[in-house]
Amino acid sequence: MKILVTGGAGFIGSHLVSRLLQLGHQVWTLDDLSNGHQEFLEHVITHERHTFVHDSVMHRKTVEQLVQKVDAIYHLAAVLGVKNTVENPLKVIENNIDGTRIVLESAYKKRAKVVLASTSEVYGKNEKLPFKEDSDRVLGPPSTHRWCYSTAKAIDEHLGFAYADKGLPVTVVRYFNAYGPRQTSSQYGGVVPRFIKAALTDRPIEVYGDGTQTRCFTFISDTVAGTVAALNPKADGLAFNIGSDQPITIRDLALAIHRLTDSASTIATVPYEQAYGPGYEDMQARIADLTRSQNILQYRPSVALEEGLRKTIAWYRKSLT
Ligand SMILES: NC(=O)c1ccc[n+]([C@@H]2O[C@H](COP(=O)([O-])OP(=O)(O)OC[C@H]3O[C@@H](n4cnc5c(N)ncnc54)[C@H](O)[C@@H]3O)[C@@H](O)[C@H]2O)c1
């Protein structure tokens with residue numbers, strides 16, 4: 001197939017592009033490099049079936065021209081991360097809603113399949129676990145910027161499902177804490193890269209909050225496998241949790257990284273207000289119900305956390321030297 005990947009120079013996108021090329025597809029990568037890195041595509045940049053386009057999804061003409069060439073679009077380009085959400089809400093809202101709208105409008109003209117990258121953040125602070133794809137969204141007030149990323153991604157999903165009603169094949173994948181090589185913490189402070197960088201440089205590993213909050217981490221190869229499977233026409237018009245159902249507390253994650261890196265770092269706790277400013281709310285737990293992903297996409301995460309952390313640490317050791 002001919003496939004466009006927006007945000008393809010980012011963490012998940014660059015792994016997805018490699019996998020799609022391995023599978024024999026012809027791939028166009030569109031990325032404005034605001035958080036992506038051309039080096040992440042080094043191994044494929046001269047590939048005969050790959051074309052890199054340095055531009056923004058906000059540029060309608062570019063998107064329309066690219067969409068005309070392809071059968072399917074993976075729309076991953078987005079501004080993300082808790083830090084961006086609280087510090088740059090306008091950037092998060094405008095990029096994530098306007099960009100998706102342009103992608104969907106262009107795809108509709110071409111009748112090209114769209115896979116939209118969404119997030120477990122859409123469930124907000126719902127305490128009913130695990131999250132099924134039709135679970136409620138429970139959010140704080142719009143005056144709290146913390147919820148703007150969740151809301152923008154939910155609008156993207158609404159747009160996607162509205163186009164699905166008009167006959168466009170659209171599938172939504174909701175990622176749960178993907179991690180692995182090439183996840184950099186520079187702009188959005190992902191917890192795994194933040195802990196690994198601190199551990200490898202013997203700086204304090206800072207656990208925000210009391211560390212009892214849990215998350216389900218998903219190694220990048222599993223995230224990509226679920227994303228690739230979303231091209232299946234049986235997935236059209238549906239959302240899927242692409243994550244793991246094995247929770248770990250953030251404190252235990254810090255201890256595991258400390259042990260696996262043989263670090264001399266201390267483990268410190270930092271109040272949320274100090275990390276993200278006053279009024280910040282975190283979710284105590286987030287667990288994916290994988291029934292639908294398993295039944296329709298045959299998705300089942302296979303990389304255990306310790307194995308994934310070892311691979312990620314090895315990549316950081318190389319990239320920090
Ligand atoms: N990493 C996770 O755990 C996670 C969890 C939930 C959802 N997601 C979603 O998955 C997708 C990929 O996330 P990621 O972790 O790879 O992040 P990332 O920041 O590494 O990748 C996003 C890419 O989009 C590019 N981009 C941003 N704005 C753009 C624009 N206007 N035009 C073109 N390119 C633009 C960035 O340069 C970057 O390369 C995003 O849509 C994100 O919301 C990720």
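1. Pro89, Val92, Ile93, Asn96, Ile97, Thr100, Arg101, Leu104 and Tyr108 of helix H4 meet a set of residues in helix H5. On the H5 side these are Cys148, Tyr149, Ala152, Lys153, Ile155, Asp156, Leu159, Gly160 and Tyr163. By class, this contact of H4 with H5 has twelve nonpolar, three polar and three charged residues. Please keep in mind that the model is predicted.

2. Now the geometry of that pair. H4 spans residues 89-110 and H5 spans residues 148-165. Their axes come within 9 Å. They cross at roughly 10 degrees. Angles under 35 degrees count as roughly parallel, and H4 and H5 are therefore roughly parallel to each other.

3. Next, helix H2, residues 60-69. Which residues of H2 are buried? They are Val63, Leu66 and Val67. Seen down the axis of H2, the buried residues fall within an arc of 100 degrees, so they line one face of the helix. Lys61 and Gln68 lie on the other side of H2 and are exposed.

4. What covers the buried residues of H2? The cover includes four strands: S1 (2-6), S2 (26-31), S3 (50-54) and S4 (72-75). Helix H4 is also part of the cover.

5. Turn to the ligand. How many residues surround the ligand? There are 29. The closest are Gly7, Gly10, Gly36, Ala78 and Thr119. Helix H1 (11-22), S2, H4 and strand S5 (113-119) are the elements that give two or more residues to the shell. The largest share, three residues, comes from H1.

6. The make-up of that shell can be given by class. Of the residues around the ligand, 15 are nonpolar, twelve are polar and two are charged.

7. Tyr276 sits in helix H9, residues 272-276. Is Tyr276 buried or exposed? Tyr276 has 21 other C-beta atoms within 10 Å. The cut-off for a buried residue is 20 or more, so Tyr276 is buried. Leaving out residues up to four places away in sequence, Tyr276 touches Val82 and Val86. Gln246 is 30 residues from Tyr276 along the chain. The C-alpha atoms of Tyr276 and Gln246 are separated by 27 Å.

How values were computed:
Residues numbered from 1 in each chain as written. Predicted model: local features only at pLDDT ≥ 70, side-chain atom pairs only at ≥ 80, totals over all residues. Axes fitted to C-alpha atoms, helices over the stretch in contact; angles between N-to-C directions. Parallel < 35°, antiparallel > 145°, perpendicular 65-115°, else oblique. Contact = placed C-beta atoms within 7 Å. Nonpolar A, V, L, I, M, F, W, Y, C, P; charged D, E, K, R; others polar. Buried ≥ 20, exposed ≤ 12 C-beta atoms within 10 Å, placed from the backbone. Arc of directions from axis to C-beta. Near = placed C-beta within 6 Å.
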